[in-house]
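This report walks through one protein chain, beginning with a single residue and widening to the whole chain. Please keep the sequence and the 3D view at hand while reading.

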Amino acid sequence: MKTRTNLRAGDALQTCKQQKESWKSKAENMQRILANCRPIVNPPGPTPNPPSAGGGWVGGVWYADRSGICG
């Protein structure tokens, strides 16, 4: 039986941890961005036209489309 000596134990785990930290950082950054948004409150009654072209109503509150915005 031949023994492989070129295996590097732990590389897969380390890569997984790096990806986890990257996604966690992105999620925390998105939470900071959303915390700084000042939503426009939808008045009661029929849904009015949105204030801008991109975004949508969530729970009676208008959120602007911020996709593609860095920082």
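## Aspartate 65

The model is a predicted one. Aspartate 65 is found in the segment that follows strand β3, which spans residues 61–64.

Which residues does aspartate 65 touch, not counting residues up to four places away in sequence? The contacts are Gly54 and Gly55. Glycine 54 is eleven residues from aspartate 65 in sequence, yet the two C-alpha atoms are 4.9 Å apart in space. For glycine 55 and aspartate 65, the separation is ten residues in sequence and 4.1 Å from C-alpha to C-alpha.

## Glycine 55 and alanine 64

Glycine 55 belongs to strand β2. With a relative accessibility of 45%, glycine 55 counts as partly exposed. Leaving aside neighbours within four places in sequence, glycine 55 is in contact with Trp62, Tyr63, Ala64 and Asp65.

Residues up to four places away in sequence aside, alanine 64 touches Gly54 and Gly55. Alanine 64 can also be placed relative to arginine 38: the two are 26 residues apart in sequence, and their C-alpha atoms are 9.5 Å apart in space.

How do strands β2 and β3 pair, and over how many bridges? Strand β2, residues 55–58, pairs with β3 in the antiparallel sense, over four bridges. Glycine 56 has tyrosine 63 in β3 as its bridge partner. Valine 58 stands opposite valine 61, also in β3.

The hairpin formed by β2 and β3 has two residues between the strands. In this hairpin, glycine 59 takes a positive phi near 60°.

## The chain as a whole

The chain contains one helix and three strands. Read from the N terminus, the order of these elements is α-β-β-β.

Of the 71 residues in the chain, 7% are buried. The chain exposes about 6500 Å², and carbon and sulfur atoms supply 56% of that area. Among contacts between residues at least 6 apart in sequence, 12% join residues at least 24 apart.

## Rings and charges

What does the charged end of lysine 26 sit over? It sits over the ring of tryptophan 23, at 4.6 Å from the centre of that ring. Aromatic pairs are a separate matter: a search of the whole structure finds zero of them. To count as a pair, the centres of two rings must lie within 6.5 Å.

## Confidence in the model

The average pLDDT of the chain is 75, and 66% of the residues score at least 70. Where in the chain is confidence lowest, and where is it highest? The lowest mean, 66, belongs to strand β1, residues 40–41. The highest, 86, belongs to helix α1, residues 11–35.

Note on methods: Residues numbered from 1 in each chain as written. Predicted model: local features only at pLDDT ≥ 70, side-chain atom pairs only at ≥ 80, totals over all residues. Heavy atoms only, no water. Phe/Tyr/Trp six-rings, centres within 6.5 Å; stacked < 30°, edge-to-face > 60°. Lys NZ or Arg CZ within 6 Å of the ring centre and 35° of its normal. Buried < 20%, exposed > 50% of the residue type's maximum accessible area, 1.4 Å probe, protein only. Contact = heavy atoms within 4.5 Å. Areas by Shrake-Rupley, 256 points an atom, 1.4 Å probe, with all protein chains shown as cover. Pairing = 2+ DSSP bridges. pLDDT = per-residue confidence, 0-100.
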